[in-house]
Amino acid sequence: MSRVLLVEDDGALAEALSLALGGLGHEVAVAGSGEQALRLLFDGPGDVDVVLLDVMLPGVDGFEVCRRVRAHSRVPVILLTARGDPIDVVVGLEGGADDYVVKPAEPRVIDARMKAVLRRAAPAPASDDRVLRVGQLEIDSAGMVVRRDGAELSLTATELRLLLEFAGHPGQVLSRQVLLKRVWDYGYVGDSRLVDAAVARLRAKIEVDAGNPTLLRTVRGLGYRLVVA
């Protein structure tokens, strides 16, 4: 059973979704505003496994909630948005969200997305190469820790899985669709913006100069590759 914080100001929708997700085996707590969500996350017991976050909230909106959560926590965040504007999606992803779902969405679709982010948050399978070194980076796959010049970096589970995927295929060009399948568990044509936003966040953390990346390079029209030498 996963513990879910549902942040939704529409009471009827929150109740319906809470009941549906409860029927699928989740334990759901509901916050009706961004302020209440932040209090529950930071002043409450802190035992939330995943946050389902509506974008359009009164007061502190979902984008700001996501940014504040990400500044202090690695808990997976899935945005619930009724907006079709790509800019809104990108803003949310760049703010640190792991995924998004456009409302209205079937509870089983949301359930599948939550299971996917929770799998990414689980420890990586043990391997003979427990610690990988790429340039100034030290990647401990078993401990789910990444260090640069000895200092630990604060990576989300999605960012870490993405880095591990690149580290497992050094020098190879990985397309966005391949990354969606391997990192996000999407077996269909997914949204490449998930990949681009995650790569941008990852670069900001692992590169000395994210605007001039030397480790994680873009291969125009094809995807990305990790430069190891």
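Select R133 and E138 to begin: their side chains meet in a salt bridge, 3.3 Å from N to O (a salt bridge being a side-chain nitrogen of Lys or Arg within 4 Å of a carboxyl oxygen of Asp or Glu). R133 is exposed, with a relative accessible area of 61%, while E138 counts as partly exposed at 24%. Here buried means under 20% relative accessible area, exposed means over 50%, and partly exposed is in between, with a 1.4 Å probe and protein chains only.

A word on what you are looking at. This is a predicted model, in which local features need pLDDT of at least 70 and side-chain atom pairs count only at pLDDT 80 or more, whereas totals for chains, interfaces and linings use all residues. Residues are numbered from 1 along each chain as its sequence is written, and side-chain values use heavy atoms, with hydrogens and water left out.

A search of the whole structure finds 15 salt bridges. Select E8 and K103 next: they form one of them, with the closest N and O atoms 3.0 Å apart. E8 lies in the loop between strand 1 and helix 1 (11-23), and K103 in the loop between strand 5 (99-102) and helix 5, so the pair ties together parts that are 95 residues apart in sequence. (Helices, H or I with at least four residues, and strands, E with at least two, are DSSP runs numbered from the N terminus.) Is E8 buried or exposed? E8 is buried, with a relative accessible area of 4%.

Now select R70 and D98, another salt bridge, where the closest N and O atoms are 3.1 Å apart. R70 sits in helix 3 and D98 in the loop between helix 4 (86-94) and strand 5, 28 residues apart. Both R70 and D98 are buried.

Select residues 50-54, which make up strand 3; 5 of its 5 residues are buried. In a regular strand the side chains alternate between the two faces of the sheet. Look along each face: V50, L52 and D54 are on one side, V51 and L53 on the other, and all are buried.

L6 has L52 as its bridge partner in strand 3. Which residue of strand 4 is the bridge partner of L52? The partner is I78.

**Into the core**

Which residues touch the most other members of the largest nonpolar core? They are L53 and L162, in a core of 51 residues. Such a core is a set of buried Ala, Val, Leu, Ile, Met, Phe, Trp, Tyr and Cys residues joined through side-chain atoms within 4.5 Å. Select helix 8 (residues 192-206), which gives the most to this core, with 7 residues. A second, separate core has 13 residues, including A14, L17, L80 and V101.

**Last stop: helix 5**

Select residues 107-121, helix 5. At 1.5 Å a residue, its 15 residues should span 21 Å, and the end C-alpha atoms are 21 Å apart, which agrees; the expected span is 1.5 Å times one less than the number of residues. Among the buried residues of helix 5 are I110, M114 and V117.

Definitions and conventions. Pairing = 2+ DSSP bridges.
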